[in-house]
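Have a look at the structure first, and then read on.

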Amino acid sequence: MSVFGSEIVIAGGGICGLATALALRRKGVDSVVLERSSTLRADGGGIVIYSNGWRVLDQLGVGAELRCKSIIMPVKNEFRCLRRSDLVEALARGLPEECIRFGCQIVAVEEDGVTLFPIVHLQDGSTINAKVLIGCDGANSVVAKSLGMRQVTPSTLWTIRGFTDSPNGHRHGRAFVRLLGGDVTFGMMPIEDTFMHWFLSFRWVSEDSKGEKTPEELREWGMKLVEGFPPEASELVKESDLGSLILTQIKYRPPWELLLGTSRRGTMTIAGDALHVMGPFIGQGGSCGLEDAVVLARNLAGAVDEGQASDHPHRHGRLLPLQRRRIEVALDGYVRERKLRVLRLSTQTYLVGLMIYHPAKAVKLMVILVLLAFFGGTSLDHVAYDCGLL
Ligand SMILES: Cc1cc2nc3c(=O)[nH]c(=O)nc-3n(C[C@H](O)[C@H](O)[C@H](O)COP(=O)(O)OP(=O)(O)OC[C@H]3O[C@@H](n4cnc5c(N)ncnc54)[C@H](O)[C@@H]3O)c2cc1C
């Protein structure tokens, strides 16, 4: 199997992979997204998008339609919670049908011994020769592994997330509410006036942590976790839509690995969670991946020789090293532009996580001082960031 008509391959059709394909398309460059699932993956309930993410969604041409599907919350910056399904569907709708190939699980990646371009191996035994490979394949990225990045770190924190529909309107207003109770955090944020996304995060080191939970068990567990919280928390959990409940372990790539790791080799790079999976404590993982998409497409578009688009793939062997070099320089531009921003967000997230969940008061205090000194405390300055035009 070869990629005809496009030689940019994007591994993973999540938020970042789809946004990258759409950003490239808006620059006039075709790509192919390889997604292992058989349909668009839209699990995970809601996702908060701040101003920095909305700036990207506007540039991708989906901001206006998504704003109609979520209410704005009353804070200084634009801050809305979306259904993840609305977000991925809007991104996918902007792409031609043939751009996303479902049921394509990447199992390995290597470099062609002659051309040095990437070769992608799929689970069904087929291979794809690519000119550029962008790994947007999430926390357990095969592409990141092939670049020599370490496995991401699993934390002892887990979340249960869900939706609660209240056809007669809920009584919690439009604010994002976060309540702390020891090791448990409960948060709720409205998507619409009658539709609420909520989450519970908590420590869990149980032996059976790999065991599957039924939705009923998750709800029961959620009810236990919110004992002692104000009654609206248990009401939301009790009345939640069982089909929306999801249990997730928080994983992260420590900031020092971002500093030391390699995120580009040859014409391969990574973006989104594959590069910088972080805890949800400042709600920036998704928006950071959207920023990656714009910066990557901006750098790459000029370097890709569109004249190649209609070429037969066997020409791969004769592609000039000069062309490869142009792509490598473009990808280095992307890596350079993103380095500090990604490092800063991931460090801030890491510190906020420590501040909330570390058991030692002395550590919490030290972390607060560092946050105050280097990150403006818990201010939202980071959401004012503008990754620039496509
Ligand atoms: C509890 C929780 C709450 C969060 N809340 C927020 C929030 O409010 N706001 C925010 O901005 N971010 C939030 N995040 C982070 C956000 O969800 C992620 O940063 C974002 O989903 C990452 O998108 P992605 O496309 O990089 O990766 P993913 O969403 O993981 O997508 C990767 C895609 O690649 C596919 N794939 C994986 N491996 C392969 C393979 N080998 N071959 C082919 N396809 C493959 C997967 O099926 C998937 O579709 C939260 C995260 C968690 C865990």
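## A serine and the ligand's surroundings

Leaving aside residues up to four places away in sequence, Ser244 touches Arg161, Gly162 and Phe163. Keep in mind that you are looking at a predicted model. You can find Ser244 in the loop between α7 (231-238) and β14 (246-252). Its side chain reaches the backbone nitrogen of Phe163 at 2.9 Å. Is Ser244 buried or exposed? Ser244 has a relative accessible area of 11%, and because buried means under 20%, Ser244 counts as buried.

Now turn to the ligand. How many residues surround the ligand? There are 30, and the closest are Glu35, Val48, Arg84, Asp273 and Gly286. Sorted by kind, the residues of this shell are ten nonpolar, 13 polar and seven charged.

| Residue (backbone atom) | Ligand atom | Distance |
|---|---|---|
| Ile15 | oxygen | 3.1 Å |
| Val48 | nitrogen | 2.9 Å |
| Gly283 | oxygen | 3.4 Å |

On its own, the ligand has 1,000 Å² of accessible area, and the protein covers 88% of that. Which elements give two or more residues to the shell around the ligand? They are α1 (15-26), β3 (46-50), β10 (153-165) and α10 (285-301). The element that gives the most is α10, with three residues.

Note on methods:
Residues numbered from 1 in each chain as written. Predicted model: local features only at pLDDT ≥ 70, side-chain atom pairs only at ≥ 80, totals over all residues. Heavy atoms only, no water. Near = heavy atom within 4 Å. Polar contact = N/O pair within 3.5 Å; in protein donor to acceptor, adjacent residues only side chain to side chain. Areas by Shrake-Rupley, 256 points an atom, 1.4 Å probe, with all protein chains shown as cover. Helix = DSSP H or I, 4+ residues; strand = E, 2+ residues; numbered from the N terminus. Nonpolar A, V, L, I, M, F, W, Y, C, P; charged D, E, K, R; others polar. Buried < 20%, exposed > 50% of the residue type's maximum accessible area, 1.4 Å probe, protein only. Contact = heavy atoms within 4.5 Å.
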